[in-house]
Amino acid sequence: MKALWSSIYAWADERLDLREWVEFAKKKTVPVHRHSAWYYWGGIAMFFFLVQGVTGVLLLLYYRPGPEAYDSVRQITYDISFGWLVRSVHSWAANLMVAAVFVHMFSVFFMKAYRKPREFGWWSGVLLLLLTMMFGFSGYLLPMDELAFFATKVGMEIAASLPWLGPKMADLVRGGPDVCEYTVHRFFALHVVVLPVAFTGLLAFHLWLVQKHGNASPPSEEAKPASERQTMPFFPNFLMRDFAMWLVAFNVLCVLAFLFPWDLGPQADALKPAPAGIHPEWYFMSSFQVLKVFGQWFPGALGEMLGMVVFTAGLVLWFLVPLYDGTSASGRRAIRATWFGLFALAVLVLTTIWGYLAL
Amino acid sequence: MNYPFWNVPYIGGGWVIGLIAIFHVMIALFAVGGGSYLVLAEQKALREGRRDWLVVLRGHSKFFLILTGVFGTVSGVGIWFAIGLANPEATSTLIHNFVFGWAMEWVFFIVELTTAAVYYYTWGRVSDSLHVKVGWLYAVSSFFTLVIINGILAFMLTPGEAWLAVAGTGQEASRFWQAFFNPTYWPNLAIRSLICASLAGVWALVTCSRIDGAKEPALKTSLVRWSAKWLLPTFVLLPVALGWYLWTVPESQRALLRLGISTIGSGMFTQVTRVALIVVLASASIVAVTYFFAWRSPVEFNFSQAMSVVLLALIATASGEYARETLRKPYVIGRHMYSNGVRVTDVPKLNAEGYLTRSPWKVATHDTKLARGEAMFRGQCMACHTVDGYRSIKRLLGERNREAIGNLLTILHEHKPDSPYRAFMPPLVGTKDEIEALGDYLATLTAPEAAEAEKPEEKAAGMEKQTSAASPGRR
C-alpha cells in the first residue's frame, strides 16, 4: 500500500512539483506565544465558509426563488430527508461564521497585525467581513417567512433613508418600492452568484497575503530578542492544530444544528401588519440600535441620516487604522488605536445588548 | 397513583435519573471494559518482558479502583433512589420480576469490588501468575454484571410476547428467562460490550497521556498505541451492532426514528433522531481525534487531548442513553406500562372508576376542582413534562384557550389509532369530571390572569371544607 502511494506521489510530483510546496510549507513557521490561540480564528471562519458552500449547493437542489420560495423551504424543513439538517447547518454555520470573523478581526486589531507590511491583509479582511454580513442579510430573506420579510423591509427602509442615493439603491435591490418576489430573485442572485464570486476572489487574495507575510507577532512578542521567540513549523504541526480546531468547530456546529434545528415561521403576508418586536439578526443589532437611538434624539429624516453618518465615519476610521496607527512601528505600543479598538468593541457589545433589551 | 408524587421543578424527575445515569453508565461500562484491559495489558507486559508497562498499569489500576469503586458504586445507588422516586410503579414491576436477577448481580458486584481492591493492593506482593488470575476474576465478574443488567434494561423496551402473556396475572416471575433473554437482549449486549472496550481504551489514554514523552518516548508510544487499538473493534463493529439492534426493535420505534430524518415537525418527538445523530457525530470525532493525535503522534499526545476524547465519549454516552430512553415512548415497559406508570390493562378500569379515586394519597385539597386537575397533571403528565422547564407544558400549550385544551385532552383520552400523539404519548385516563378538572387546571397555566380571578373562590371553598372538616373534632 505504501509503495503504491509513493509511486502515485512520485508520478504526481514529477508533473506538479509537489515537493516544492511541501518544502515551502515545512519552512514556513508560526510564532508560539501566549496569544497563539487567536491564530486559529481565521481558519475557523474559513471552515464555516466552506460548510456554507457545500450546504448552500445542497439547498440549491430544492430551493425555488420567487413565489414558491416559502413553500420550497417548508418542504426542505418538513418533508425532504435530512433537508432540515442541511438548512440548519447552513443557518448555524452562517451565524458562527459571522461570530468567528468578528473574533478574528478584533484579535488581529489588538495584536496590531495590520501594521506594515500587512495593510492589504487588514483591508481585504474588513471587506470580507462586510461581504459576510451581506451574505447574511441576503440569505435571511430567502425563506420568505414573516420575520425575514419584515426584518428585510425595515433593513431596506434604513438603507433608503440615505439622501439621494439611498432610495435609488433600495429600489434597485428590492426590484420595486416594496419587498416582493422580485426582491427574493435579486437577493438570490446576490446570495448565490455575486457574493460567492466576490468573496472567493477576495479570500484568495487574503490567504495569499497571509502566506506571503506569515503570521504577525504581537508587539509584546516583537519586543523580545530573537533568541527568546519560539516558533513551530506550519506543516504539519500548525496545520494539524488547525484541523483539530475545525473538528471542534464541526462538532459545535452539528450539535447546535441537531439540538436547535432552524425552524420556519409563518408565511410572509405583505397585507398583514408587522408582528411586534421585529428586529434584524444579532450582527446587525448594534447598527439597528444606533440608528434607532439617533432617530429618537433627532426626529425625522435627520436622525437616521446622522446615525448613518456616525456609523459610516466609524467604519472608515476602522478601515483606515493601518494608516494612522504608525507609532507602534518603532516598537512602542500605539495606545490610541488600542483605546479606539476597545471603544469600538464596547459600543458594539453594549448597543447590541441594549437593542435586545429595548425590544 | 399508588405512590406519592415526587415533584422536581424545572428539570423533572426524568432528568434527575438522567444526570446520574449518564455519568454512572460511562463509569460502569469502563468498569467492565477496563478490567479486561488491565489484565490483558499485564499479560502482554509479562510475556514481552516490558516491566516499564507494569508501573504505568499499577497507576492506572489505582485510578480505576477509585473511579469505579467509589463514583461508580455511589452513582449506582443514586440511580436506585432516583428511579424509585421518579417512577415507583415501574421500579416495583422490575423488582417483582427480576429480584433474583439483581440478587445474582449483587453477588457479582461483591466479587468485582473485592477483586478490584485486591488487584490494586497486591501489585508486587503476590506472584505474577496469581496477580493475573485476580485480574481475570475481576474481568469475568464485572462482565457478568453487564450480562445481567443488560437483560433488565433490554426488557424495558421489548419485554417479549411470553412475558406479556402473563403480565398482570401475578405469574410474571414464571417467565423470568424469556423476559430476560428478550428480543433485543443480544444486540444490546453486543453494543454495550463494544462500548466497554472503547471506554477502556479512552480512559487508558488519559493515563498514558500523563507519561512524559520526552523522557520515555518508547514506553509512551507503545502504550498509547496499544490503548488506542481498543477503540478499533467499536469503530468496525458498532455500525453493524446498531443495525442489528434497529432490526430487532419494534416497527413503531423504527418509524419514530425515520420520522426525524425527514422533518423537525411533530413537536419534541423528532428529537430522538437528532440526538441519535449526535451519537454518530461524537463517535466519529473520537475516532478522528484518537487516530490523528494518539496513533499518529503518540509521544506528543497530551492530557487535554485525552480529556477531549473523554468529553466526546461522555457526549456520546449521554446522547445514546437519552435516545434509548426516548425510543421507548410511550411506554416505560414496552406494551405493558406507559411512561407515566399507568398499566395498559388498567386503562378501561381507570376510565370507568376514575384515576384519582383509587389513590391512597388523597389529601384535603383534592376537594377543589383545580386541585384535582393539578393532581391529574402530576400523576399523568409530569413523568415527562414540567410546568415551565423541560418539555414545558406552558410552552407546548402555547396560546390555546380552555376550549382548545379540552379538544386536545379529548384526542389524548380517546387515543384513536390515527391520533398523531398515539405513537409517543400515553392515553389520558380518568372520568369525564377528572379530565375536565385537568383542562381547567391547564387553562390556568396558559392564562394566569383568569386563574387569579378563579383562585380566591376556590381557595375559599377549600378552606371552608377544611374548616368544617376540622370543626366536628373541636366540638
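Biologist: Which residues in α8(B) meet which residues in α11(B)?

Modeller: First, the conventions. This is a predicted model, in which local features need pLDDT of at least 70, side-chain atom pairs count only at pLDDT 80 or more, and totals for chains, interfaces and linings use all residues. Residues are numbered from 1 along each chain as its sequence is written, while chains are lettered from A and ligands numbered from 1 in the order in which they are written. Two residues are in contact if their C-beta atoms, placed from the backbone, lie within 7 Å. Helices (H or I, at least four residues) and strands (E, at least two) are DSSP runs, numbered from the N terminus. On that basis, B:Val224, B:Arg225 and B:Ala228 of α8(B) meet B:Thr290, B:Ala294 and B:Trp295 of α11(B). By class, this contact has four nonpolar, one polar and one charged residues; Ala, Val, Leu, Ile, Met, Phe, Trp, Tyr, Cys and Pro count as nonpolar, Asp, Glu, Lys and Arg as charged, and the others, Gly among them, as polar.

Biologist: How are α8(B) and α11(B) oriented to each other?

Modeller: Two packed helices are described by the angle between their axes and the distance between the axes. Axes are lines fitted to C-alpha atoms, for helices over the stretch in contact, and angles run from 0 to 180 degrees between N-to-C directions. Here the axes of α8 (residues 217-228) and α11(B) come within 10 Å and cross at roughly 165°. The two helices, α8(B) and α11(B), are therefore roughly antiparallel, a term for angles over 145 degrees.

Biologist: At what angle do α10(B) and α11(B) cross?

Modeller: The axes of α10(B) and α11(B) cross at roughly 85° and come within 7 Å. These helices, α10(B) and α11(B), are therefore roughly perpendicular, which covers 65 to 115 degrees. In α10(B), B:Leu256, B:Leu257, B:Gly260 and B:Ile261 meet B:Val272, B:Thr273, B:Arg274 and B:Ala276 of α11(B). Five nonpolar, two polar and one charged residues make up the contact of α10(B) with α11(B).

Biologist: Is B:Ala294 buried or exposed?

Modeller: A residue is buried if 20 or more other C-beta atoms lie within 10 Å of its own, exposed if 12 or fewer, and partly exposed in between, with C-beta atoms placed from the backbone. B:Ala294, in helix α11 of chain B, counts as buried because it has 25 C-beta neighbours inside 10 Å. Leaving aside neighbours within four places in sequence, B:Ala294 is in contact with B:Leu205, B:Val224, B:Ala228 and B:Phe301. Of the 475 residues of chain B, 41% count as buried.

Biologist: Which elements give two or more residues to the side of chain B that touches chain A?

Modeller: The contact takes 13 residues from chain B and 16 residues from chain A. The elements are α10 (251-262) and α11 (271-295) of chain B, and α11(B) gives the largest share, eight residues. That side of chain B divides into eight nonpolar, four polar and one charged residues.

Biologist: How is chain B divided into domains?

Modeller: Domain bounds come from an automatic or database domain assignment. For chain B, the assignment gives domain 1 (12-172 + 180-338) and domain 2 (344-468). The C-alpha centres of these domains of chain B lie 39 Å apart. In their contact, 16 residues of domain 1 of chain B touch 14 residues of domain 2 of chain B.

Technical notes:
Parallel < 35°, antiparallel > 145°, perpendicular 65-115°, else oblique.
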